[in-house]
Amino acid sequence: MAFYFLAAIFILASSASAATDQTNHHPFKKIYAFGDSFTDTGNTKSITGPSGFGHVSNFPYGSTFFHHPTNRYSDGRLVIDFVAEALSLPYLPPYRNIKAKNASFGVNFAVAGSTAINHAFFVKNNLSLAITPESIQTQLLWFNRFLETQGCEEAAAASDCKAAFDDALVWVGEIGVNDYAYSLGSSIPGDTIQKLAVTSFTEFLQSLLKKGAKYVVVQGLPLTGCLPLAMVLAPEDDRDDIGCVKSVNSQSYSHNVALQAKLQDLRRQFPAAVITYADYWTAYRTVMKNPSRFGFKESFKACCGTSGEPYNFDILSTCGTPSAKACTYPSQYINWDGVHLTEAMYKVVSNMFLNGTLSHPPFSYLLDRKNKVG
């Protein structure tokens with residue numbers, strides 16, 4: 001469980017052709033994204049953020065696709081970038097760097113290190129050392145401010161916000177891993193964190209739906225116990241059937257079960273909306289069970305880090321620091337820097353969400369609903 005404490009410092013259907021064909025009809029004109037470092041396209045870069053997050057502004061981050069650091073936690077594109085491509089939309093600008101001309105196709109509010117539980121909770125419990133002060137509720141506040149610039153005031157009725165939500169896909173990347181990370185070493189039980197995190201996240205989703213969101217995709221937590229950081233810190237007898245850290249994966253799985261139950265409640269409360277669950281946990285596990293099928297040769301070792309066996313990872317010499325180096329072929333690696341994934345892995349996962357069977361209901365169903373409405 002020490003994995004999560006140290007992670008707080010580093011932090012973080014239908015056939016394939018059916019969904020792809022429908023995306024070619026450009027059903028959505030904009031995307032609003034939320035989440036943490038797995039979805040952040042640049043909100044981390046801030047003079048008010050923790051100094052420990054500065055490494056993402058250094059090469060070789062961004063080296064594979066953008067050829068320079070973009071403050072994405074990967075060598076290239078993230079799931080949200082592939083979603084934008086599939087919908088024939090530009091990559092989403094981070095909220096902290098939006099301009100009138102680049103916000104018309106959507107905005108990304110995700111920020112690395114973000115939590116589902118409000119930041120004040122961690123401050124109250126003396127757990128706020130070197131962590132991102134923004135939670136999912138902060139992202140909601142940012143979103144409200146953005147909506148005001150679009151003519152949708154905070155107190156406005158849903159009908160008054162129609163223009164802001166017309167043809168908009170709301171993509172909520174995974175969030176919650178950091179809540180467990182920041183609370184480790186405290187007297188707060190993991191079950192309490194799960195209850196608070198899922199409740200807070202549910203309230204966030206309710207706010208979006210009440211404002212007029214009609215098409216929402218929610219990613220679950222990934223297979224966190226397969227990350228090199230977890231493998232390095234966990235005892236060797238804490239392993240599951242695919243060689244990952246069993247206790248950590250079990251915690252993520254339990255969180256996802258609780259989240260899915262809440263999503264089902266929201267579907268009943270908002271029958272006019274389509275709420276799709278993207279099963280990140282199973283997507284990651286599917287790759288880990290047969291990595292070569294997806295073109296991967298390295299399942300556990302980080303591509304970018306400090307040379308060493310078996311994981312090429314040192315918490316004190318992470319990717320982006322002078323002593324760290326990147327592998328020659330990132331596309332052969334699942335993991336990028338010990339905590340985050342490579343562009344190649346994000347591409348595989350996004351394909352499973354958009355064109356495969358790991359979104360419930362399928363993304364193709366969401367597109368069908370949107371196309372029928374027009």
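**Close-up views of a predicted model**

**View A. Cys-303 is buried, at 1% relative accessible area.** The model is predicted. Cys-303 pairs with Cys-327 in a disulfide, with the sulfur atoms 2.0 Å apart. The S-S torsion is about -95°, so this disulfide is left-handed. The bond links distant parts of the chain, 24 residues apart. Cys-303 sits in the loop between strand E6 (298–302) and strand E7 (304–305). Cys-327 sits in the loop between strand E8 (325–326) and strand E9 (333–335). Cys-327 is buried, with a relative accessible area of 16%.

**View B. A disulfide connects Cys-304 and Cys-319.** The S to S distance is 2.0 Å. The torsion about the S-S bond is about 90°, so the disulfide is right-handed. Cys-304 belongs to strand E7, while Cys-319 is in the loop between E7 and E8, so the bond ties together parts 15 residues apart in sequence. Cys-304 and Cys-319 are buried.

**View C. Cys-226 and Cys-244 are joined by a disulfide.** The whole structure holds 3 disulfides. In the pair shown here, the S to S distance is 2.0 Å. With an S-S torsion of about 100°, the bond between Cys-226 and Cys-244 is right-handed. Cys-226 is in the loop between strand E4 (215–219) and helix H9 (228–233), and Cys-244 is in the loop between H9 and helix H10 (246–269), so parts 18 residues apart in sequence are tied together. Cys-226 is buried at 1% relative accessibility. Cys-244 is buried as well, at 0%.

**View D. Arg-77 forms salt bridges with Glu-85 and Glu-343.** The closest N and O atoms of Arg-77 and Glu-85 are 2.8 Å apart. For Arg-77 and Glu-343, that separation is 3.0 Å. Arg-77 lies in the loop between strand E1 (30–34) and helix H3 (79–86), and Glu-343 in helix H12 (residues 343–355), so their pairing ties together parts 266 residues apart in sequence. Arg-77 is buried, at 11% relative accessibility. Glu-343 is buried at 10%, whereas Glu-85 is partly exposed at 32%.

**View E. Asp-241 meets Arg-285 in a salt bridge.** The N to O distance is 2.7 Å. Asp-241 is in the loop between H9 and H10, and Arg-285 is in helix H11 (residues 280–289), so the pair ties together parts 44 residues apart in sequence. Asp-241 is exposed, at 61% relative accessibility. Arg-285 is buried, with a relative accessible area of 17%. Elsewhere, salt bridges with shared partners join Lys-29, Asp-167 and Lys-370 into one network. The structure contains 8 salt bridges.

**View F. Glu-174 is buried but has no salt bridge.** Side chains of opposite charge can pair when their charged atoms come close. For Glu-174, the nearest side chain of opposite charge is Arg-72, 15 Å away. A salt bridge requires a separation within 4 Å. Glu-174 occupies the loop between strand E3 (168–172) and helix H7 (177–183). Beyond its neighbours within four places in sequence, Glu-174 is in contact with Gly-35, Asp-36, Phe-38 and Thr-39, among others. Its contacts also include Gln-219, Gly-220, Leu-221 and Pro-222. Tyr-280 is another of the residues in contact with Glu-174.

How values were computed:
Residues numbered from 1 in each chain as written. Predicted model: local features only at pLDDT ≥ 70, side-chain atom pairs only at ≥ 80, totals over all residues. Heavy atoms only, no water. Helix = DSSP H or I, 4+ residues; strand = E, 2+ residues; numbered from the N terminus. Buried < 20%, exposed > 50% of the residue type's maximum accessible area, 1.4 Å probe, protein only. Lys, Arg positive; Asp, Glu negative; His and termini not counted. Contact = heavy atoms within 4.5 Å. Disulfide = S-S within 2.5 Å.
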